[in-house]
Amino acid sequence: MANEEDDPVVQEIDVYLAKSLAEKLYLFQYPVRPASMTYDDIPHLSAKIKPKQQKVELEMAIDTLNPNYCRSKGEQIALNVDGTCSDETSTYSSKLMDKQTFCSSQTTSNTSRYAAALYRQGELHLTPLHGILQLRPSFSYLDKADAKHREREAANEAGDSSQDEAEEDVKQITVRFSRPESEQARQRRVQSYEFLQKKHAEEPWVHLHYYGLRDSRSEHERQYLLCQGSSGAENTELIKSPSEYLMMLMPPSQEEEKEKPVAPSNVLSMAQLRTLPLADQIRILMKNVKVMPFANLMSLLGPSVDSVAVLRGIQKVAMLVQGNWVVKSDILYPKDSSSPHSGVLAEVLCRGRDFVMWKFTQSRWVVRKEVATVTKLCAEDVKDFLEHMAVVRINKGWEFLLPYDGEFIKKHPDVVQRQHMLWTGIQAKLEKVYNLAKETMPKKPDGQSGPAGLVSGDQRVQVAKSKAQQNHALLDRELQRRKEQLRASEILPGVRVKEEPLSEEGEEEEEREAEEAEEPMDTSLSSLPGRLANGLPAGADSFNGHPPPGCANTPVAQELWAFVRATFQRQIVLTLSELKRLFNLHLAGLPPGHLLFSGISDRMLQDTVLAAGCKQILVPFPPQTAASPDEQKVFALWDSGDMSDQHRQVLLEIFSKNYRVRRNLIQSRLTQECGEDLSKQEVDKVLKDCCVSYGGMWYLKGTVQS
C-alpha cells in the first residue's frame, strides 16, 4: 500500500481495438542496419507473396555508388551468375550486382497475443497481427552460379570428345508401369516431406506493389490502424470481466495444448493418468505395458479403485494367459492399420498374434520357426509378437515373460472359466483358418493349480513314467496274452483267440497303460474316410504298433523301405521328428486303403531307417537343450553311392562328438582324413548336404533350436 501511494496514477488512456486490418496486417523484421539508414530509404524493386504459406520475397536495390561497395567483387559475382552474355533471363542486367533478395520465414505460428499499437491524441489503438515474418538475405544466385559452372564444364568435356560419330549409340531403356496405389500408400505419400515441399512449390506467387513510408497510399492505409467507430459498439470485446479480460490478454498457448500427450509416456505423470475414466486408464496402461499381472495393475490404478470394476474393464482390452493379462491384438493393431514391416493388413496380424497368445496358454515355450510356418508371416512381424509377451532363451526358444500367477487363478475362478471359454472359441477359429489338427487339451493332474491345458511336456512324461512303473505287472500280462493270440493266429490263419479280461474295468486299465507305455506314431488324417484316429483301418490288429514277426519282406515293409530310402537320398540327414512329419505328408497323398495305413510304429520306422543304409548319429546335445526326444534322434545316409560318401562320413563322425563346429575345423579334419586338399566347392557341397550355419557355427540339420 505504501508503494502504491508513492506511485500515483498520472494519466488514464482509453484503449481501442481496430479491426479493419486484423486479417491483413503483417510485421516484417529486417536484418540490422546502421541507425543512419532505414529500409524505407532503399528502393524496393519488386515484392511477391504466397498467402497460404505466408512467404514473402522482397527485391531491394544496392547502392553501388557507396564508397563501401566493392565494385570488382560485384562484377565478379554478376559474371559467375550470368556469364558473358546478357539477355532477358540475366539476373544482373547491368553486369554488376546491384540488387539483393530477401526471403521471409515465420517466427511463430501463434500471433494471437501480438498487436500493432498506434498512439494518437491520448488514445491507444490496437490492431491484431496476422503474421510476423523475419526477412533474411537469399543467396539463390550462388546456386545459379554453380549451375552455370557445371554447364560450362559439361560443354568442355563434350568438346574434347570425338566429333566423328554422327549419331549416338543405341541405349537400352527400361519401361516401368506403375501399379494401382492403395489407400494406405496414398496417405503415406500425402504426408511425406517431398509431397509437402512439392505442394508448397506449386502455390503461385502473388506480385505486390510497394509503397514507401511517405507515399499518399501508405498514409491512406495507415488510417485503418485507427478505430473507425467513435461509439463503444465496435469495442464490445473490451467490455469484459477482469478474468475474461486477462484471458484475452494472455490466452493459453495452442502449441502447448497440442504437445500434451494423450497416452502414458515419459512425460505423463500418474496424476494426469488418473484424471481419465477408469476404462481409458486400463486401456492406456495395457496398450503400453502389453503384459501385466492383475496385482500390478491394481497398484498402478490406486487403492481407491474397485477391483470388480477393474476386472470388468480388463476383460474388454486383454486376455488371460497363464494367470496374467495380455493386451488384445485389435488394441495394438486397429482395423485400418497395417504392418510397418510387410504392409500386411491388421486382420492378418491380429490372427497371427492370437495364435502366439494361444500357444502360450498351452506351454511356457514357443519356437519362432513354428509360428512363422503356421502363420506365413514375415520374421519381423513374428518377432514383434513374441517380444510383446516373451523373452528369448538360447537353445530353448521363447519363454513367456511373466511367471504363472496361481494366486489370481484361485481367487477368481469365474473369470478363469469365462476366459477359458473365449480361448476355446479362438482355438476353433485358428484351427479353421490355419488348418491345424485338433490338439487335445492335457488333463490337469490332481493338486495342480494351473488352468486347463497348461501342463508342461516334462510333467506329462513324469506322470506317464510313474503310471507305467506302477502297472508293470499288468503290462507283462498284456504282452503274454498278445503273444498267445499271435501263436494261435499262426496255427489257424484267420482265427483269433478271444480272451476275456477279469473285469471290464481291468481291460480298460490295461489298454490305457499299454498305450501310455509305447504310443505308436500317429499317421492319421481325420479327413480320410474309413480310418480310425490312430491311422489303422477298421478291424485291423496293430499288435501294439509293431508288425507281426516274419513280415520283413511283406509289401508293407517294402513300401516303407522305398519311402525311407528315397527320402534320405534327398535329405541325407533327418531327425526322427522330421522324418515322421514327412511320412505324414506322404500318407496324405496316398489313396484310401493303401498298404501304409496298416499302422507304422516308431520302432518299425527306426528299424527300416537302419535297414536302408542309414546310421544313427549320437549328437551330444547341450544339457539345457529344449529339443524333444524325437528331435535328438538324428539319422544320416551312410552310403549313397556317390563320390562324397567318404567326406560325409568324416563330417558325421565329427558331429558324433561335437554339437556345433567351426568351418575351419571341418576343413582341416577333412583334409587330414582324406589325404588331399579339398576345394571350396567340395567342402560347400558336403556342408550343404548335411549341415546348416547359424551364428558363425555349423550344426547338423534339424539340431538347431531357435
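**A walk through the predicted fold**

Asp-689 is buried, with a relative accessible area of 17%; buried means under 20% relative accessible area, exposed over 50%, and partly exposed in between, with a 1.4 Å probe and protein chains only. This is a predicted model, where local features need pLDDT of at least 70, side-chain atom pairs count only at pLDDT 80 or more, and totals for chains, interfaces and linings use all residues. Residues are numbered from 1 along each chain as its sequence is written, and side-chain values use heavy atoms, with hydrogens and water left out.

Stay with Asp-689. Its side chain meets that of Arg-648 in a salt bridge, 3.2 Å from N to O. The term covers a side-chain nitrogen of Lys or Arg within 4 Å of a carboxyl oxygen of Asp or Glu. Arg-648 lies in helix 26 (residues 645-655) and Asp-689 in helix 28 (residues 680-690), so the bridge ties together parts 41 residues apart in sequence. Helices (H or I, at least four residues) and strands (E, at least two) are DSSP runs, numbered from the N terminus. Arg-648 is buried too, at 2% relative accessibility.

The structure holds 16 salt bridges. One of them joins the side chains of Glu-59 and Lys-99, at 3.8 Å from N to O. Glu-59 sits in strand 4 (residues 55-61) and Lys-99 in strand 5 (residues 99-106), 40 residues apart.

Glu-399 bridges to Arg-364, with the closest N and O atoms 3.6 Å apart. Glu-399 belongs to strand 15, while Arg-364 is in the loop between helix 14 (346-362) and strand 13. The glutamate, Glu-399, is buried at 18% relative accessible area; Arg-364 is partly exposed at 23%.

The sheet itself is open, with 3 antiparallel strands in the order 13-15-14. Strand 13 (365-366) and strand 14 (390-393) are the edges; each has a single partner strand, so one side of each lacks a neighbour in the sheet. Two strands pair if DSSP finds at least two bridges between them. Strand 14 and strand 15 (residues 397-400) are joined by 4 bridges. Ala-390 stands opposite Phe-400 of strand 15.

Aromatic rings come next. Rings of Phe, Tyr and Trp (its six-membered ring) pair if their centres lie within 6.5 Å; planes under 30 degrees apart count as stacked, over 60 as edge-to-face and the rest as tilted. The count is 9 aromatic pairs. Phe-294 and Phe-408 form a tilted one, 5.4 Å centre to centre with 45° between the planes. Phe-294 lies in helix 11 (residues 294-301) and Phe-408 in helix 17 (residues 406-411), so this pair ties together parts 114 residues apart in sequence. Phe-294 and Phe-408 are both buried.

On the surface, Tyr-245, Leu-246, Leu-249 and Met-250 form a nonpolar patch with about 410 Å² of accessible area together. Patches use residues with over 30% relative accessible area and no salt bridge, joining like charges within 9 Å and nonpolar side chains (Val, Leu, Ile, Met, Phe, Trp, Tyr) within 5 Å. Accessible areas come from the Shrake-Rupley method with a 1.4 Å probe; for residues, only the protein chains shown count as cover. Leu-249 lies in helix 7 (residues 242-249).

Now the whole chain. There are 28 helices and 20 strands. Buried residues make up 33% of the 706 residues.
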